[in-house]
Amino acid sequence: MCARVRVNVSRLGRRTLSAMPVRFLTALLAAVAFLPALPARAETPEPPDRIAAAWRTDHLSVDPRLAIPATELDRIRGAMRTAGLPVYVALVPRTPYLAKKRLDWPTLLHARVGEPGLYLVALVDDNYWSTSAELYRQGGLRGRDLTSVRAEDKQRLDLLTDRPAPQIVRTIQYASTAYDGRALPAVPAADLEPERPHRGLSVTDKSDRAAYVGLGVGGFLGLVLTLVIALRRRGAPKRSGSSQRAVDPRDVQLKADGKIKQAERALGRLDRRRNKTTKLLDQRDDAYRRLDAARTLRADQPEDVLASAGALVLARQAERIASGAALQPPCFFDPTHNPGTAKVDWSDEVEVPACQQCASVVRRGDTPRGLLVPAKSGLLGGDRKGVPYWTLDPEDSPMVATGFGALSDDLADRITGRKEDVR
Ligand SMILES: [Zn+2]
């Protein structure tokens with residue numbers, strides 16, 4: 001994954017020079033002539049120093065390399081004026097340097113400015129805006145946690161990310177609600193992503209996603225095609241007979257609901273932590289994204305065993321991420337097994353994660369029993385005979401298409417129909 005930022009250097013040069021009065025420039029050049037040679041660091045102050053200096057004259061700092069439409073800036077200024085608390089905003093391009101450093105912007109900036117208020121930094125990577133914010137209060141002031149206000153906003157995942165104002169204005173509104181308890185207004189429709197189809201990704205999303213994970217579009221589609229062919233070819237375990245009963249959906253539902261509760265508790269603990277680093281904020285967002293998808297699956301298809309198993313996987317991942325543990329894929333053969341910590345060959349082209357037990361079955365040359373679900377005909381007749389879930393049509397279910405996220409880690413996005421929210 002590489003961060004790309006298009007920077008027009010010649011435009012930057014023109015703009016900076018034309019903004020400076022000529023007399024001042026002349027004076028500056030005269031002064032520079034008498035300065036002793038400075039270390040290189042002093043000539044390029046760290047980005048937080050530059051922003052803190054800019055905020056002395058204007059609480060909205062826009063990096064000169066960015067060309068932000070005036071309408072966007074006007075909206076941000078409007079929200080800052082009516083916030084009811086001091087608001088500091090900086091718009092910054094995510095340079096390769098910043099992508100590597102992963103700065104905890106609000107903490108660094110508050111340390112330099114030292115005043116209470118909302119500190120908000122919006123970073124743009126190519127055309128994708130993400131924000132990082134923290135609310136600093138004077139000692140003893142009561143009020144709500146900024147992150148809990150945000151977490152309760154059902155529209156937070158639908159905000160547009162291709163321009164800065166939607167997220168910045170919304171974050172300022174969160175801060176006002178956290179600060180003085182005022183009601184959170186509705187988001188204007190123009191700031192929200194258009195409704196997306198509930199299931200599957202559009203071709204555009206697939207290309208976006210492919211670009212995001214660093215694969216070419218051809219690579220991504222090729223992978224999907226290979227998987228579909230491989231899934232079909234391998235088929236069911238050889239010893240299938242009438243004794244192969246489908247899993248009891250109620251067992252999976254109970255497991256999923258229990259795991260959702262555990263994930264909620266883990267996220268509650270994370271939300272209560274003060275002064276979260278950027279890394280913790282990213283973990284929290286990733287965990288919420290997976291938990292939201294898990295809840296959606298349980299709410300939309302409460303009886304469906306595929307949906308319940310998908311919810312179990314996503315809630316388990318949300319709990320791990322919220323607790324600071326590494327993400328684990330599920331066992332491809334049965335997502336209700338232990339996580340897929342081993343890798344086994346599923347076909348010549350495809351390697352899948354598997355739990356230790358399934359991995360040893362594959363190494364013996366057998367196909368694991370797998371998660372058995374009712375075949376479609378069995379649903380009507382009450383027949384409990386099960387078939388391995390991977391023999392179902394991947395087109396019909398994001399759980400089948402992704403192996404419950406074992407084949408590609410985009411199950412949550414396919415459920416909520418959204419792109420990755422890297423914040
Ligand atoms: Zn397994």
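1. Phe404 lies in the loop between helix H17 (398-402) and helix H18 (411-416). Helices here are DSSP runs of H or I with at least four residues, strands are DSSP runs of E with at least two, and both are numbered from the N terminus. Phe404 has a positive phi of about 60°, although it is not a glycine. Phe404 counts as buried because 28 C-beta neighbours lie inside 10 Å. The cut-offs are these: a residue is buried if 20 or more other C-beta atoms lie within 10 Å of its own, exposed if 12 or fewer, and partly exposed in between, with C-beta atoms placed from the backbone.

2. A word on the source. This is a predicted model, in which local features need pLDDT of at least 70 and side-chain atom pairs count only at pLDDT 80 or more, while totals for chains, interfaces and linings use all residues. Residues are numbered from 1 along each chain as its sequence is written.

3. Asn275 is another non-glycine residue with a positive phi, near 50°. Asn275 sits in the loop between helix H12 (249-272) and H13. Is Asn275 buried or exposed? Asn275 is exposed, since 11 other C-beta atoms lie within 10 Å.

4. Leu280 belongs to helix H13 (residues 278-300). With 16 other C-beta atoms within 10 Å, Leu280 is partly exposed. Leaving out residues up to four places away in sequence, Leu280 touches Leu270 and Arg273; contact requires C-beta atoms, placed from the backbone, to lie within 7 Å. Ser323 is 43 residues from Leu280 along the chain, and their C-alpha atoms are separated by 9.8 Å.

5. The sheet is open and has 4 strands in the order E1-E2-E3-E4, with mixed pairing. Strand E1 (60-62) and strand E4 (128-136) are the edge strands, each pairing on one side only. Two strands pair if DSSP finds at least two bridges between them. From one strand to the next, the twist averages 10°.

6. Strand E2 (residues 87-93) and strand E3 (residues 117-125) pair in the parallel sense over 7 bridges, and Val87 stands opposite Leu118 in E3. E3 and E4 run antiparallel and are joined by 9 bridges; here Gly117 stands opposite Tyr136 in E4. These two strands, E3 and E4, form a hairpin with 2 residues between them, and Asp126 in the turn has a positive phi of about 60°. E4 is mostly covered, with 7 of its 9 residues buried.

7. How long should H9 be at 1.5 Å a residue, and why does the model agree? The 16 residues of H9 should span 22 Å, and its end C-alpha atoms are 22 Å apart, so the two agree. The expected span is 1.5 Å times one less than the number of residues. H9 is mostly covered, as 15 of its 16 residues are buried. Just after H9, Gly181 takes a positive phi of about 75°.

8. Helix H5 (residues 70-81) packs with H9 at an angle of about 0°, their axes 9 Å apart. Axes are lines fitted to C-alpha atoms, for helices over the stretch in contact, and angles run from 0 to 180 degrees between N-to-C directions. H5 is therefore roughly parallel to H9, a label for angles under 35 degrees. Among the residues that meet are Ile76 and Met80 in H5, and Ile168 and Ile172 in H9.

Definitions and conventions
Two residues are in contact if their C-beta atoms, placed from the backbone, lie within 7 Å. Angles under 35 degrees count as roughly parallel, over 145 as roughly antiparallel, 65 to 115 as roughly perpendicular and the rest as oblique.
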